[in-house]
There are 2 protein chains.
Amino acid sequence: MSYVLYELRGAQNQAFSPFCWRARMALAHKGIQAETRRVRYVDIAKLELSANTVPILIHGDRVLKDSWDIATYLEEAEPKAPSLFPRGDRSFPRFIQHWTGTSVHIPIFKAMAFDIWEILDPEDQPYFRATREKRLGASLESTCLSWSQHVKELSAALAPLRSQLREQNFIGGEAPAYVDYIVFGALQWVRVISAGMLEKNDPVATWFDRCLDLYGGLGRSEPRAG
Amino acid sequence: MSYVLYELRGAQNQAFSPFCWRARMALAHKGIQAETRRVRYVDIAKLELSANTVPILIHGDRVLKDSWDIATYLEEAEPKAPSLFPRGDRSFPRFIQHWTGTSVHIPIFKAMAFDIWEILDPEDQPYFRATREKRLGASLESTCLSWSQHVKELSAALAPLRSQLREQNFIGGEAPAYVDYIVFGALQWVRVISAGMLEKNDPVATWFDRCLDLYGGLGRSEPRAG
């Protein structure tokens, strides 16, 4: 039974969404060749899947509408493939997901809010600007004026991850797992859209490089902005 | 073979150190009745254990000088007692330890730097003031003038933990484990020394309350400041 993954695309067909990258990496980890269909924000409602966001994974009559649900579904549907949740633990990936959603995504989003708008398909730009400026309480342009401050905040937020990755090669141990893909998605979002935000010798950057090499360089094969 | 735990004390014999509380809770989790010996900062060198900090755990000829080493030692020395590291995972507690050391301890320390000094034995106060003011680059008194800002920063830093504890009763699942005791130590440090920093209905406060009830109310039995 085949898998279909809907994921977000920019004007140049770039896959940039951090949440969609979680799903892509989870599929690759499980050794699944999914058919991927890239959509714009304005296309999601037209899919008639009662979803407002992507990733969406379709497998037979199952429709999974959230990156976490996709990962846990894959873990159950593909028990013989390598585990996304070593030792069956979901508390660590949940915590990392909560931590990434606040401490990591927020400074990244603020730094590159305007960069995201720029790479979107023109039909997506009004929706993105309206919803994000409301959330920010400021214009996209003015938010990213403080780029270096947001990047500094990101670097400070990454301190615990940096310490972890001085001790081991991946966030959950010596092999990659779903816990890695959650943070990978955030840094791949940066890589595809914007200028680098980490020092080259930062252990987090070194780990991200290792993740880019996984699964035949899946992450690396996505073109960078500019 | 008996266990002896050296831990830090204030002028009123309070056990206030977050790192020592990690060890106390780990011992209680393992059902071990350790002999506890409370010392001041100035006493540590006199123990002639080549240690600069407490907790120190002594078990036969083994001397463990760090809260993490104590926890991992107990896990190996007491394999039949409940596990401190469910499923054998140490990556999650390591991450939580790194996260607590930066995101949680720093705002707490800044908020109550002067409060800590106040509860210390007079012989400890000069050492504490000198080392901590050097670290802060400011006086203890001036640092805690921004109490409400530090508390706000703490509350923001706790966001991922708050989300986690909306989903489950303990940080690692439905039962307490070492991962809980790491954060417990930080909030017990606040409880013993200072005014409360969390809203009463904060899921983190509710979880802390559950932790205070553990092991016959071990944490709750330690008197509060003031």
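In this predicted model, A:Pro55 sits in the loop that runs between α2 (41-44) and β3 (56-59) of chain A. The peptide bond between A:Val54 and A:Pro55 is cis, with omega at about 10 degrees. The loop between α2 and β3 of chain A also holds A:Ser50. The phi angle of A:Ser50 is near 50 degrees, a positive value in a residue other than glycine. Chain B has a cis peptide bond as well, joining B:Val54 and B:Pro55, and its omega is about 10 degrees. B:Pro55 is found in the loop between α2 and β3 (56-59) of chain B.

Helix α1 (residues 18-29) and helix α9 (residues 178-193) of chain A have axes that come within 8 Å and cross at roughly 135 degrees. Angles over 145 degrees would count as roughly antiparallel and those from 65 to 115 as roughly perpendicular, so α1(A) and α9(A) are oblique to each other. Their crossing is right-handed. On the α1(A) side, the contact is made by A:Pro18, A:Trp21, A:Arg22, A:Met25, A:Ala26 and A:His29. Helix α9(A) contributes A:Tyr178, A:Tyr181, A:Ile182, A:Phe184, A:Gly185, A:Ala186, A:Gln188 and A:Trp189 to this contact. By residue type, the contact of α1(A) with α9(A) divides into 10 nonpolar, three polar and one charged.

Helix α4 (residues 91-119) of chain A packs with helix α8 (residues 159-167) of chain B at an angle of about 135 degrees, and the axes are 8 Å apart. This angle makes α4(A) oblique to α8(B), and the crossing of these two helices is right-handed. From α4(A), the residues in contact are A:Ser91, A:Arg94, A:Phe95, A:His98, A:Trp99 and A:Thr102. From α8(B), they are B:Ala159, B:Pro160, B:Leu161, B:Ser163, B:Gln164 and B:Glu167. The residues of the contact between α4(A) and α8(B) comprise five nonpolar, five polar and two charged.

Within chain B, the axes of α1(B) and helix α3 (residues 67-77) come within 9 Å and cross at roughly 10 degrees. Angles under 35 degrees count as roughly parallel, and α1(B) and α3(B) are therefore roughly parallel to each other. Their contact involves B:Phe19, B:Arg22, B:Ala23, B:Ala26 and B:Leu27 of α1(B), together with B:Ser67, B:Ile70 and B:Leu74 of α3(B). Six nonpolar residues, one polar and one charged make up the contact of α1(B) with α3(B).

The survey ends with the largest pocket, which has a volume of about 780 Å³. Its lining consists of 34 residues, and those nearest the centre of the pocket are B:Pro18, B:Phe19, B:His105, B:Arg132 and B:Arg135. Two or more lining residues are given by each of α1 (18-29), α2 (41-44), α4 (91-119) and α5 (125-136) of chain B. Helix α4(B) provides the largest share of the lining, nine residues. Overall, the lining of the largest pocket divides into 18 nonpolar, 10 polar and six charged residues. One residue links this pocket to the helix packing described above: B:Phe19 is among the residues nearest the pocket centre, and B:Phe19 also takes part in the contact of α1(B) with α3(B).

Methods
Residues numbered from 1 in each chain as written. Chains lettered and ligands numbered in written order. Predicted model: local features only at pLDDT ≥ 70, side-chain atom pairs only at ≥ 80, totals over all residues. Heavy atoms only, no water. 1 Å grid on protein atoms, 1.4 Å probe; cavity = no way out; pocket = protein on both sides within 12 Å on 5 of 7 lines; lining within 4 Å. Points joined across faces, edges and corners; volume = space filled by probe spheres on them. Helix = DSSP H or I, 4+ residues; strand = E, 2+ residues; numbered from the N terminus. Nonpolar A, V, L, I, M, F, W, Y, C, P; charged D, E, K, R; others polar. Axes fitted to C-alpha atoms, helices over the stretch in contact; angles between N-to-C directions. Left-handed = near helix turned anticlockwise from the far one by under 90°. Contact = heavy atoms within 4.5 Å.
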